[in-house]
Amino acid sequence: MTLLRASALCLGIGAVLPVPDAQANAASGVLSVVAPWEVSSLDPARHGYVFTRLQIAETLVDADRAGALAPGLAERWQADAAGLAWTLTLRAGVVFHDGTPMTADAVVKALRIAAAKPGPLASVPLESIAADGPQTVVIRLKEPFSPLLATLAGTANQILAPASYAADGAVTQVIGTGPFRLEEVKPPQSLSAVRFDRYWGRPAGVEKLSYLAAGRGETRAMMAESGDADVVYTLDPASRQRLSRNPAVTVQALPLPRTVSVKVNSGDPVLSDVRVRRALAVAVDRGNIATGLLREPGSAAGQMFPPGTGDWTLADGLPLRADPAQASALLAEAGWTRGGDGLLVRDGQPLKLALRTFPDRPELPVIATALQAQWREIGVDVSVSVGNSGDVPAGHRDGTLQLALMARSFGLVPDPLVTALQDFGPGGGDWGAMNWSSPAMEQALTALKRGTDTAALPGLRQSVSKILLAEMPVIPVSWYQQTVAVSKQVTGLTLDPYERSYRLSEVSWVR
């Protein structure tokens, strides 16, 4: 069996994918990119991050390499004294991939459609979005909303040409403004794009790119190893070490503001008791997971907000080593006692829980198995199911979820407040709290959202982090690290710590 056919079978695809080797890619000008993320939808609200990472679509506001807000398709902006009217001046000379100019009317249409769908913009207290001349957009708010610009930088709010939308607002084409133009998409696994020669900024260094979504980490590593792909994202620790010894590739790694954590259904009859949630949290041996499994000793996470998120990070968090004595004391206080088989029982019922996770991020199933063993040591019987990433939000919505191991980014929108509002506000969120609420949290988030008392903002951010640490609606496990294997036929690739862009336009072939 050939390696390409093996790759295709690992992907679960019936036909062999025409993926050339790295030298053939360079000769043809096609940069082959492989990552875990499927392209199941063209809608920015669902899979917009794929099109922004591949630099097909762009947003009004961007983030610089330090994570600070920077001009994108809007070259400047200004708010009135009350913070209720925001005027954005669009960059001149920008055209969409279909050749039509990017006008204020086109931007208004894209933003209005985005605001009508689930996503960060839907939570903004919008009064109106309107054009004020051909190159000016005015956004009016019902009340101050300090992270508005960061929200506009979110991938769900990318600006597409009017021809991208059907009459009902459904996205039928992705006609963006980026340095690459979408040529063909074959949901859910592949797309191709070509250099857009009328791009307003620096042109791309390669003529074409192909993108393949490969969910299994072993498949991605094999494609990097064999030269079937030029750039491969998200490697498991073992593959990363093996590839680092491969003379044909370079392995890059970079810490990300993303936290691997356990989402908890706080409305579950067992998990509604904060003592049980805290017992599960202190029984996690974060240090052992970081060193033994992830092979990154500094990745152990004792709190939700990772280093690099400023005032959101606390000086102290959960212990990085397991404390089974404290966990057992908390469980005993909650009425759980050891049965004859060593597992906990209360009122004749065993303490059994189910944890869901997914393999798109290859370390998650491995961590899930470690958690299962660590929790069994304190008498908690946890079953693990590895499915699709969509099983987590689905379980949140239908109420069947108990625990979910996942990775949550605090950098995709360049202000952690936007993510915190989605995850920990009233009602929680698909990737945040479930059946949990806190009046103190609501007060802190509301004050942060208004942002009128700037002197109080650092303390409010600390309050949010402390409430999460006390209540444990989510249990932090580790910080996340982006890894990529790059063919030595390719030069110029750098990693974006905020995962907004794969920066493929900066890549060129080694001549």
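Where is D347 found? In this predicted model, D347 is found in the loop that runs between strand β14, residues 344–346, and strand β15, residues 349–350. For comparison, most residues other than glycine have a negative phi, and most peptide bonds are trans.

Helix α9, which covers residues 286–293, packs against helix α11, which covers residues 363–377, at an angle of about 140 degrees, and their axes are 11 Å apart. An angle counts as roughly antiparallel when it is over 145 degrees, and α9 and α11 are therefore oblique to each other. The crossing in which α9 passes α11 is right-handed. On the side of α9 the contact is made by N288, I289 and L293, while α11 brings V366, I367, A370, L371 and Q374 to the contact. Sorted by class, the residues in this contact of α9 with α11 are six nonpolar and two polar, with no charged residues.

The next topic is the space that the protein atoms leave free. Rolling a probe the size of a water molecule over the atoms shows where empty space is left. The largest pocket has a volume of about 1700 Å³. Its lining is made up of 49 residues, and the closest to the centre of this pocket are R46, H47, Y49, P393 and W431. Several elements give two or more residues to this lining, namely α1 (3–11), α3 (44–53), α12 (391–398), β18 (403–409) and α13 (416–424). The largest share comes from α3, which contributes seven residues to the lining of the largest pocket. When the lining of the largest pocket is divided by class, 21 of its residues are nonpolar, 17 are polar and eleven are charged.

The second largest pocket holds about 640 Å³ of space. It is lined by 26 residues, of which Q55, E58, D62, Y199 and S501 are the closest to its centre. Among the elements of the chain, β2 (61–63) and β3 (69–71) each supply at least two residues of the lining of the second largest pocket. By class, this lining of the second largest pocket has nine nonpolar, seven polar and ten charged residues.

Pockets are open, whereas a cavity is a space in which the probe fits but from which it cannot get out. The count comes to six cavities of 30 Å³ or more, and in the largest cavity there is about 130 Å³ of space. The lining of the largest cavity consists of 13 residues, and those that lie nearest its centre are R240, L294, E296, E363 and Q481. Both α7 (237–243) and β19 (474–487) supply at least two residues of this lining, and β19 gives the most to the lining of the largest cavity, with five residues. Divided by class, the lining of the largest cavity has six nonpolar, four polar and three charged residues.

Methods: Residues numbered from 1 in each chain as written. Predicted model: local features only at pLDDT ≥ 70, side-chain atom pairs only at ≥ 80, totals over all residues. Heavy atoms only, no water. 1 Å grid on protein atoms, 1.4 Å probe; cavity = no way out; pocket = protein on both sides within 12 Å on 5 of 7 lines; lining within 4 Å. Points joined across faces, edges and corners; volume = space filled by probe spheres on them. Helix = DSSP H or I, 4+ residues; strand = E, 2+ residues; numbered from the N terminus. Nonpolar A, V, L, I, M, F, W, Y, C, P; charged D, E, K, R; others polar. Axes fitted to C-alpha atoms, helices over the stretch in contact; angles between N-to-C directions. Parallel < 35°, antiparallel > 145°, perpendicular 65-115°, else oblique. Left-handed = near helix turned anticlockwise from the far one by under 90°. Contact = heavy atoms within 4.5 Å.
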